[in-house]
Amino acid sequence: MLLLHEEATTLLGLGPAALVVTAANGRVLVANARTEGMLGYPRHELIGQPIERFLPPDNADHTRRAVRRNGEEVPVDVSTGSVRWPGGVLISSLVRDATA
């Protein structure tokens, strides 16, 4: 069974955490509704952006933080995984608000 992009995005939106899928170059390909809610950006503004814009690398104290649209930083827990795809490598990041 092949899922269409819209169906796949809807399915990903059912998860309990923000989910961001990027290409190997770090550009956002897919972001679910939880990501929109956590970061305050509409999905169309997330797509194509470098993930470092929203999830910069660990800082000096090794605390991972997400940057919201309003500039606020929120501590997060991030789990990542990758998969080889016909078009290259995809990287998925599950992002959870560490304060919730």
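These legends accompany close-up views of a predicted model.

**View 1. Confidence along the predicted protein.** Residues are numbered from 1 along each chain as its sequence is written, and side-chain values use heavy atoms, with hydrogens and water left out. Because this is a predicted model, local features need pLDDT of at least 70 and side-chain atom pairs count only at pLDDT 80 or more, whereas totals for chains, interfaces and linings use all residues. The average pLDDT (the predictor's confidence in each residue, from 0 to 100) is 86 for the protein, and 83% of the residues score at least 70. Confidence is lowest in helix α1 (residues 5-12), with a mean of 64, and highest in strand β3 (residues 65-67), at 94; helices (H or I, at least four residues) and strands (E, at least two) are DSSP runs, numbered from the N terminus. Where pLDDT is low, the predicted coordinates should not be read in detail.

**View 2. The hairpin of β1 and β2.** These two strands pair in the antiparallel sense over 3 bridges, pairing being assigned if DSSP finds at least two bridges between two strands. Val21 has Val30 of β2 as its bridge partner. There are 4 residues between the strands, and Gly26 takes a positive phi near 90 degrees in this hairpin.

**View 3. The largest nonpolar core.** A nonpolar core is a set of buried Ala, Val, Leu, Ile, Met, Phe, Trp, Tyr and Cys residues joined through side-chain atoms within 4.5 Å, where buried means under 20% relative accessible area (1.4 Å probe, protein chains only). The largest such core has 15 residues, and Leu39 and Val76 have the most contacts inside it. Two or more residues are given to this core by each of β1 (18-23), β2 (28-31), α2 (33-39) and β4 (73-85). Leaving aside neighbours within four places in sequence, Val76 is in contact (heavy atoms within 4.5 Å) with several residues, among them Met38, Leu55, Ala66 and Val95.

**View 4. The largest cavity.** A cavity is a set of points, on a 1 Å grid over the protein atoms alone, where a 1.4 Å probe fits but cannot get out, and lining residues have an atom within 4 Å of a point. The volume of the largest cavity is about 50 Å³, a volume being the space filled by probe spheres set on the points, which are joined across faces, edges and corners. Its lining includes Ala18, Val20, Phe54 and Leu55, and α2 gives the most to this lining, with 3 residues.

Key
Buried means under 20% relative accessible area, exposed over 50%, partly exposed in between (1.4 Å probe, protein chains only). On a 1 Å grid over the protein atoms alone, a cavity is a set of points where a 1.4 Å probe fits but cannot get out, and a pocket is an open set with protein on both sides within 12 Å along at least five of seven lines; lining residues have an atom within 4 Å of a point.
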